[in-house]
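Trainee: I am new to this structure. Please show me how to read it, one feature at a time.

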Amino acid sequence: SGLSFCIILLGILFKIQKYPGEIPMLVSGIFFTLLSLILGMLFYEKAKKIFSKNLIVRSSILLVLGISFYLIPSKTLIEIQYRNNSELREIHLEILENRDCEECFQRLHDYHNPR
């Protein structure tokens, strides 16, 4: 369960930071967290231990967060994150559409490091 929690949290962070590979990480994290939730429920039905109850709570919270971030488009996250800076928002949206655009990355670098 700890590994699945790490994977789903890294997937969420990758999505927020706009790193490549966020979708496979979120999908695998959701899958393994769902597996942890099911196992926690089975163990709780069998033994009624507090560990199983805590596992169910943690798994449920992370599962809801993971599914939410999976369903929210990256474009929406960029628009929320840069809602007060239209120029920076446009640069990030261009990079999102074309990750191989060297000109876009140069514009982003120039924006953060003016001469």
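Mentor: Start with packing. The buried residues of H2 pack against H1, H3 and H4. Contact means heavy atoms within 4.5 Å. Helices are DSSP runs (H or I, at least four residues), numbered from the N terminus. This is a predicted model, where local features need pLDDT of at least 70, side-chain atom pairs count only at pLDDT 80 or more, and totals for chains, interfaces and linings use all residues. Residues are numbered from 1 along each chain as its sequence is written, and side-chain values use heavy atoms, leaving out hydrogens and water.

Trainee: What is the mean pLDDT of the protein?

Mentor: pLDDT is the predictor's confidence in each residue, from 0 to 100. Here the mean is 89, and 100% of the residues reach 70 or more.

Trainee: Which residues of H2 are buried?

Mentor: Buried means under 20% relative accessible area, exposed means over 50%, and partly exposed is in between (1.4 Å probe, protein chains only). In H2 the buried residues are Glu22, Leu26, Gly29, Ile30, Thr33, Ser36, Leu37 and Gly40.

Trainee: And what covers the buried residues of H3?

Mentor: The cover includes helix H1 (2-17), helix H2 (22-47) and helix H4 (74-81). The buried residues of H3 are Ser52, Leu55, Ile56, Ser59, Leu62, Leu63, Gly66 and Phe69.

Trainee: How many Å should the 22 residues of helix H3 span?

Mentor: The expected span of a helix is 1.5 Å times one less than its number of residues. For H3 (residues 50-71) that gives 32 Å, and its end C-alpha atoms are 32 Å apart, which agrees. Now try H2. Its 26 residues should span 38 Å; the end C-alpha atoms are 36 Å apart, which also agrees.

Trainee: Which residues make the nonpolar surface patch?

Mentor: Patch residues have over 30% relative accessible area and no salt bridge; nonpolar side chains (Val, Leu, Ile, Met, Phe, Trp, Tyr) are joined within 5 Å, like charges within 9 Å. Areas come from the Shrake-Rupley method with a 1.4 Å probe; for residues, only the protein chains shown count as cover. Here Phe31, Phe32, Leu34, Leu35, Ile38, Leu39, Leu42 and Phe43 make a patch of about 740 Å². Take leucine 34, found in helix H2. Leucine 34 is partly exposed, at 37% relative accessible area.

Trainee: How many salt bridges does the structure hold?

Mentor: A salt bridge is a side-chain nitrogen of Lys or Arg within 4 Å of a carboxyl oxygen of Asp or Glu. The structure holds one. Glutamate 94 and arginine 107 form it, at 2.8 Å, N to O. Glutamate 94 lies in helix H5 (residues 86-97) and arginine 107 in helix H6, so the pair ties together parts 13 residues apart in sequence. Glutamate 94 is partly exposed at 32%, and arginine 107 is partly exposed at 31%.

Trainee: Where does lysine 18 lie, and what is its phi?

Mentor: Most residues other than glycine have a negative phi. Lysine 18 has a positive phi, near 65°. Lysine 18 lies in the loop between H1 and H2 and is buried, at 19%. Lysine 48, which follows H2, also has a positive phi, near 55°.

Trainee: What does histidine 92 touch?

Mentor: Histidine 92 touches Lys18, Ile78, Tyr82 and Leu108, not counting residues up to four places away in sequence. Histidine 92 lies in helix H5 and is buried, at 10%.

Definitions and conventions. Helix = DSSP H or I, 4+ residues; strand = E, 2+ residues; numbered from the N terminus.
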